[in-house]
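Dear colleague,

Please find below the structure that I am handing over to you.

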Amino acid sequence: MATQHPATRPANPRFSSGPCAKPPTFDVAKLAGAALGRSHRAAVGKDKLKAAIEGTREVLGIPADYRIGIVPASDTGAVEMALWSLLGQRKVEMLAWESFGSGWVTDVVKQLKIDAEVKTADYGQIVDLASVDCNNDVVFTWNGTTAGVRVPNADWIADARDGLTICDATSAAFAMDLPWDKLDVTTFSWQKVLGGEAAHGVIVLSPRAVERLESYTPAWPLPKIFRMTKGGKLIEGIFTGATINTPSMLAVEDYLFALNWARSVGGLEGLIARADANAKAVFDFCAANDWIANLAEDDATRSNTSVCLKFTDDRIQDGAAFAKAVAKRLEAENIALDIGAYRDAPAGLRIWCGGTVETADIEAMLPWLTWAFEAEIAAQG
């Protein structure tokens with residue numbers, strides 16, 4: 001049994017799945033240029049918001065004819081804006097294999113009262129994507145943050161389709177290569193992969209989504225913060241920096257810093273490589289230890305950001321209590337913070353591996369995970 005503490009500690013123990021670790025070069029002093037105390041509608045505010053939008057387009061490779069808007073209430077606000085504004089014209093298919101996808105099912109079925117076709121899978125699995133009819137409107141998460149299961153590819157999305165694809169990509173954007181031609185509405189929050197400050201969401205609309213917005217009016221009322229059209233036309237200002245409500249200019253400055261950092265590590269390609277290296281370190285650790293495994297059952301669907309793990313040792317008497325105790329030991333030693341599984345997920349751990357995390361910190365943390373596991377096994381008596 002490993003009774004001694006490992007010799008090396010992570011330089012940064014922050015492995016939370018949101019808000020996520022800041023970029024390694026972050027310093028609050030680097031936000032000194034924020035337009036604080038100024039109107040977001042003043043020239044300086046609008047310029048920074050426009051820079052955030054165009055920086056997003058540049059780093060993610062979003063086509064020039066797609067609209068990008070900064071919206072309230074993080075990714076949740078962006079997804080719900082899409083659901084309330086676009087659904088109801090066509091049949092809807094809802095795909096869910098973890099808690100956030102299940103939350104969108106609740107929104108659509110119980111709040112909007114749409115008779116949707118709901119396809120679900122247990123944690124660790126994914127729905128049968130080949131069964132999806134993209135002539136319907138389809139709502140799905142690209143990466144299930146609370147299950148660590150992601151869509152393996154977009155081959156199942158037809159190029160010629162009558163429906164819209166509405167994709168919650170909050171733990172995928174900036175860590176996975178999103179196929180924009182297959183996605184009509186894409187949402188995320190910059191507090192995930194880029195480690196930005198919370199509360200702001202981003203919504204990306206394809207020309208097909210804009211056409212739907214301008215030709216269809218839902219049967220239900222739309223709150224002001226959901227309205228993207230006026231008089232049957234898209235409110236273009238939303239997609240050039242004239243936000244619906246007042247944004248935090250400090251958070252915008254933080255995002256601009258994060259985008260510049262992303263460029264410094266090679267843009268999207270560099271970010272994906274960093275996340276892949278982080279996740280590989282965890283995957284290799286699981287392969288070398290028979291007491292822990294990836295929650296994702298199919299290697300092709302394993303997330304490279306929110307890596308969810310389960311304990312598999314037969315000696316564990318109470319899975320939930322054991323996992324919490326391991327996470328508590330690691331937090332007490334300042335080795336790994338906030339790595340417990342999501343409250344609705346199976347008992348286990350969730351280690352964030354997005355690009356703002358350094359691979360060296362993952363590698364330094366993993367021997368401590370062995371130490372904490374063995375200590376808890378011994379503590380069971």
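In which sense do β1 and β9 pair, and over how many bridges? The model is a predicted one, and in it the two strands pair in the antiparallel sense over six bridges. P72 stands opposite H200 in β9. Five of the six residues of β1 are buried, so that strand is mostly covered.

These strands belong to an open sheet of seven strands with mixed pairing, in the order β1-β9-β8-β7-β4-β2-β3. Because β1 (67-72) and β3 (117-120) stand at the edges with a single partner strand each, one side of each is left without a neighbour in the sheet. From one strand to the next, the twist averages 15°.

Elsewhere in the sheet, β7 (residues 165-168) pairs with β8 (residues 185-189) over three bridges, in the parallel sense. There, D168 has T187 in β8 as its bridge partner. Helix α4 (residues 207-215) packs on the sheet and touches β1, β4 (137-141), β8 and β9 (200-205). The direction of α4 makes about 95° with that of β9.

A further point concerns a pair of helices. Helix α2 (residues 74-86) packs with helix α3 (residues 99-111) at an angle of about 35°, their axes being 11 Å apart, and the crossing is right-handed. On the α2 side, D75, T76, V79, E80, L83 and W84 take part, meeting W104, D107, V108 and Q111 in α3. By class, this contact has five nonpolar, two polar and three charged residues.

With kind regards

Conventions:
Residues are numbered from 1 along each chain as its sequence is written. This is a predicted model: local features need pLDDT of at least 70, side-chain atom pairs count only at pLDDT 80 or more; totals for chains, interfaces and linings use all residues. Side-chain values use heavy atoms; hydrogens and water are left out. Two strands pair if DSSP finds at least two bridges between them. Helices (H or I, at least four residues) and strands (E, at least two) are DSSP runs, numbered from the N terminus. Axes are lines fitted to C-alpha atoms, for helices over the stretch in contact, and angles run from 0 to 180 degrees between N-to-C directions. Contact means heavy atoms within 4.5 Å. Buried means under 20% relative accessible area, exposed over 50%, partly exposed in between (1.4 Å probe, protein chains only). A crossing is left-handed if the near helix is turned anticlockwise from the far one by less than a right angle, and right-handed if clockwise. Ala, Val, Leu, Ile, Met, Phe, Trp, Tyr, Cys and Pro count as nonpolar, Asp, Glu, Lys and Arg as charged, and the others, Gly among them, as polar.
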